[in-house]
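Subject: Structure for you, with notes on salt bridges and strands

Hi there,

Here is the structure I promised to pass on. Please have it open in your viewer while you read the notes below.

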Amino acid sequence: MTEPEFDPGDSAALVEELARRFLSADMDGAFALFDPEIRMQQPASLPHGGWYEGHAGAQRMGAEFGRYWSRVISPPRIVGCGELVVQQTTQTWTAKSTGRSATVDVVELFTVTGGLVREIRVFQQDTHLLMGTLDAS
């Protein structure tokens, strides 16, 4: 891996780089910015909800999400304060089972320690709306 083009000591810059890598489908590069013991939380009201731990857990979360939806993500707005970083995006989720879509804002709280992302907690604006895309009716 070459030297990063960002300051890994700057938590907001680290999350900006993570977002850039994810949006460009550089999954290996994105995972390189995760602490090996990363913890991620999705709302329990979603089928892929709960806590996921480690790189394997992050991969499992992506696979679980992918069973239900595809999504389009807007460029993020990112604000950092020390180890805490907040990212806001607008996301359109399309249910694979029905083809129906819903657009919601998503806020993610990142904890950065030692130059790596240690925790991500995800808050979708309206999980009820998202779940409605899965209904057959």
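Below are notes on the salt bridges, the strand pairing and a surface patch.

Before you start, please keep in mind that this is a predicted model, in which local features need pLDDT of at least 70, side-chain atom pairs count only at pLDDT 80 or more, and totals for chains, interfaces and linings use all residues. Residues are numbered from 1 along each chain as its sequence is written, and side-chain values use heavy atoms, with hydrogens and water left out.

**Salt bridges**

A search of the whole structure gives 7 salt bridges (a salt bridge being a side-chain nitrogen of Lys or Arg within 4 Å of a carboxyl oxygen of Asp or Glu). Here are some of them.

One of these joins E17 to R21, with 2.7 Å between the closest N and O atoms. Both residues belong to helix 1 (residues 11–23) and sit 4 residues apart, about one turn of the helix. (Helices here are DSSP runs of H or I with at least four residues, strands are E runs of at least two, and both are numbered from the N terminus.) E17 counts as buried, at 11% relative accessibility, and R21 is buried too, at 7%. For these labels, buried means under 20% relative accessible area, exposed means over 50%, and partly exposed lies in between, using a 1.4 Å probe and protein chains only. E17 and R21 also belong to a network of salt bridges that includes R20.

R118 and D35 form another salt bridge, 3.9 Å from N to O. This pair links distant parts of the chain, since R118 is in strand 7 (residues 116–124) and D35 is in strand 1 (residues 34–42), 83 residues apart. R118 is partly exposed, with a relative accessible area of 27%, while D35 is buried at 15%.

In helix 3 (residues 54–68), E64 and R67 are 3 residues apart, about one turn of the helix. Their side chains meet in a salt bridge at 3.0 Å, N to O. E64 is partly exposed at 22% relative accessible area, whereas R67 counts as exposed at 53%.

**Strands around strand 5**

Next comes the pairing of strands (two strands pair if DSSP finds at least two bridges between them). Strand 5 (residues 84–95) pairs with strand 3 (residues 69–73) in the antiparallel sense over 5 bridges, and there V72 stands opposite T92.

Strand 4 (residues 77–81) is also antiparallel to strand 5, again over 5 bridges, with V79 opposite V86. Strands 4 and 5 form a hairpin with 2 residues between them, and G82 in the turn has a positive phi of about 65°.

T94 stands opposite S101 in strand 6. This is a hairpin as well, with 5 residues between the strands and G99 in the turn at a positive phi of about 80°.

**A nonpolar patch**

Lastly, L84, V86, V107 and F123 make a nonpolar surface patch of about 280 Å². (Patches are made of residues with over 30% relative accessible area and no salt bridge; like charges are joined within 9 Å, and nonpolar side chains, meaning Val, Leu, Ile, Met, Phe, Trp and Tyr, within 5 Å.

Best wishes

Notes. Areas by Shrake-Rupley, 256 points an atom, 1.4 Å probe, with all protein chains shown as cover.
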